[in-house]
Structure formats: structure tokens, C-alpha cells
Amino acid sequence: VVHMGMICWEICHFGIAPHIFSYSIEHLESAKRLEEAEYALAYDFVGLPESDADFNEFVRRPALYWGKPIDGRGAERVVKLMERRL
């Protein structure tokens, strides 16, 4: 279980399918793209679930890694995003 960020791309590169919690709308959008590519499982909202039951329900869902291997260029993607915002 991780929060969305560069580390998610790197974890997926090694074939580990994380459960992702996002702390911004931008991270949620990226997490959803990872989920659509079948690399991870993204929580549907920004932040953590409001109850322990909701948290447990999400993390007990299987996150299957079915997508093609990621290229391991997560840091490069983050730098490009940062450069666009400067």
C-alpha cells in the first residue's frame, strides 16, 4: 500500500501491483491511469478512507499485475512534469 507518486511507477516496474492512495487530484489521475493499464489498484478518492472498514475493504481487494512491464522511467516523467509547471 503506497501513496501515489514516483515510487508507484518504480514499484510497478518490478512487477509489484500496489494499492494506491492519492493525496491530490493529480495523483489520483495518475493512479487511475496505472489502474487502467492493469498495473495497480487505485482508491477512488483523494485521501484515505474515512473508516477502518472502508480501508480494509479496499486493501483486501486483489491488485493483479497484468500489464506489460513498465519501462522504469518514473523519475524522468516526474522531472518533465516539474519542468512544465515552472
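1. The buried residues of helix α2 are H27, L28, S30, A31 and L34; buried means under 20% relative accessible area, exposed over 50% and partly exposed in between, with a 1.4 Å probe and protein chains only. They cover an arc of only 165 degrees around the axis, so they lie on the same side of α2. The arc is taken from the directions from the helix axis to the C-beta atoms.

2. This is a predicted model, in which local features need pLDDT of at least 70 and side-chain atom pairs pLDDT 80 or more, while totals for chains, interfaces and linings use all residues. Residues are numbered from 1 along each chain as its sequence is written, and side-chain values use heavy atoms, without hydrogens and water.

3. Helix α2 (residues 25–36) has 12 residues, which should span 16 Å at 1.5 Å a residue; its end C-alpha atoms are 16 Å apart, in agreement. The expected span is 1.5 Å times one less than the number of residues. Helices (H or I, at least four residues) and strands (E, at least two) are DSSP runs, numbered from the N terminus. Just after α2, E38 has a positive phi of about 65 degrees.

4. The count of aromatic pairs is 5. Rings of Phe, Tyr and Trp (its six-membered ring) pair if their centres lie within 6.5 Å; planes under 30 degrees apart count as stacked, over 60 as edge-to-face and the rest as tilted. F21 and F55 are stacked, at 5.4 Å centre to centre with 10 degrees between the planes. This pair links distant parts of the chain, 34 residues apart: F21 is in strand β2 (residues 19–22) and F55 in helix α3 (residues 52–59).

5. F21 is buried at 5% relative accessible area, whereas F55 is partly exposed at 30%. Ring pairs join F21, Y43, F45, F55 and F58 into a cluster.
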